[in-house]
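Hello,

Here is the structure I promised to pass on to you. Please open it alongside this message, and then read on for what turned up in it.

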Amino acid sequence: MNTFIGSYIEKKSLVHKLDAFIKLICVFILITAIIMCQSIYSYIVCILFLTIIIHISHIGFFNAMSGVKHMWLFFVMIFLMNCFFFESSYSLWNWGIFHLSYEGMIQGLNVVLRVVFSMIVGNLFVSTTSPLDIVGAIESFIFALRYIGVPIQDVAIILGVSIQFIPMFIEETDMIKKAQIARGARFESKKLLDKAKGIIPLVIPVFLSAFKKADELSIAMEARGYHRTRKKERFHHRHIQMIDISILIIVIVFCIIEMII
């Protein structure tokens, strides 16, 4: 079963059992390694590593890729912009301000692959980590900011809730789009003007729904005793085990390998 990006998928895999704070650190290390990918060999290693993680997480390839397929037009635009606007000493084709070059195509492919791989890593984190654990991991990650007066628990809650709202709003947008199409909205029209006109009846209901759900959530949190000014205990105390340290070391080694090849 496919899920929306940002949805937690409950499984009993090794990735699910890892400490959320360690997983969050691994996410940043993996994204760093992905950014450093330069050669085809580094991309092959990266693909193999991500494939192994997806396999042992038991969430499925299509769930790990959710969100990426919906942004194909964005990736095409990034690729074309690099192809035609990347400065190069030799151009394969020129027309006005457009300069198609081999270096531009390579750069565009690099950017697209890095963004795609980074999105997969982020989706793996939120798909294998419960919402409460995500909040606790964020709180631990920014814990040092409390010494300069930053309300870390409030920041962690805001970020955690924002992540959980993503699948809800994607589903809400899809429902509103279908309802507006039934009322005559022309989202599928090939004319740019018709598409622009169709955005307004889609965006306004989504924003209104977002404000309504945010207001309902704030009322529910206050009804359950949450108050911003009240001194709170930490959401989650870390219980890091040897398997967590082992996975962290493996991810660090992977990052080093990406730097070498």
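Let me begin with the cysteines, and with the rule used for them: a disulfide is a pair of cysteine sulfur atoms within 2.5 Å. By that rule the count is 0 disulfides. Please keep in mind throughout that this is a predicted model.

Cys-46 itself counts as buried, because its relative accessibility is 1% and the cut-off for buried is under 20%.

Now for the overall layout. The protein has 10 helices and 2 strands, and their order along the sequence is α-α-α-α-α-β-β-α-α-α-α-α. It contains 261 residues, of which 35% count as buried. Among contacts with a separation of 6 or more, 73% are between residues 24 or more positions apart. The exposed surface comes to about 16,600 Å², and carbon and sulfur atoms supply 70% of that.

Next, the inside. In soluble globular proteins, nonpolar side chains tend to be buried together. Here the largest nonpolar core has 46 residues, and those with the most contacts inside it are Leu-30, Cys-46, Val-116, Phe-117, Ile-120, Leu-124 and Val-251. The elements giving two or more residues to this core include helix H2 (20-35), helix H3 (40-57), helix H6 (102-127) and helix H10 (242-260).

How do H2 and H10 run relative to each other, parallel or antiparallel? Their axes come within 9 Å and cross at roughly 10 degrees. Angles under 35 degrees count as roughly parallel, so H2 and H10 are roughly parallel to each other. On the H2 side the contact is made by Ile-22, Ile-25, Cys-26, Ile-29, Leu-30 and Ala-33. H10 contributes several residues, among them Ile-247, Leu-248, Val-251 and Cys-255. Setting aside neighbours within four places in sequence, Val-251 is in contact with Cys-26, Ile-29, Leu-30 and Phe-49.

Asn-110 is found in helix H6 and is buried, with a relative accessible area of 10%. Apart from neighbours within four places in sequence, Asn-110 is in contact with Gln-38 and Tyr-43. Ile-157 lies in helix H8 and counts as buried at 12% relative accessibility. The C-alpha atom of Ile-157 is separated by 9.1 Å from that of Ile-134, and these two residues are 23 residues apart along the chain.

Last, a backbone detail. Most residues other than glycine have a negative phi. His-58 is not a glycine, yet it has a positive phi of about 65 degrees. You will find His-58 in the loop between H3 and helix H4 (61-64). Is this residue buried, exposed or partly exposed? At 47% relative accessibility, His-58 counts as partly exposed.

Enjoy exploring it, and do write back with any questions.

Best wishes

Technical notes. Residues are numbered from 1 along each chain as its sequence is written. This is a predicted model: local features need pLDDT of at least 70, side-chain atom pairs count only at pLDDT 80 or more; totals for chains, interfaces and linings use all residues. Side-chain values use heavy atoms; hydrogens and water are left out. A nonpolar core is a set of buried Ala, Val, Leu, Ile, Met, Phe, Trp, Tyr and Cys residues joined through side-chain atoms within 4.5 Å. Buried means under 20% relative accessible area, exposed over 50%, partly exposed in between (1.4 Å probe, protein chains only). Helices (H or I, at least four residues) and strands (E, at least two) are DSSP runs, numbered from the N terminus. Contact means heavy atoms within 4.5 Å. Accessible areas come from the Shrake-Rupley method with a 1.4 Å probe; for residues, only the protein chains shown count as cover. Axes are lines fitted to C-alpha atoms, for helices over the stretch in contact, and angles run from 0 to 180 degrees between N-to-C directions. Angles under 35 degrees count as roughly parallel, over 145 as roughly antiparallel, 65 to 115 as roughly perpendicular and the rest as oblique.
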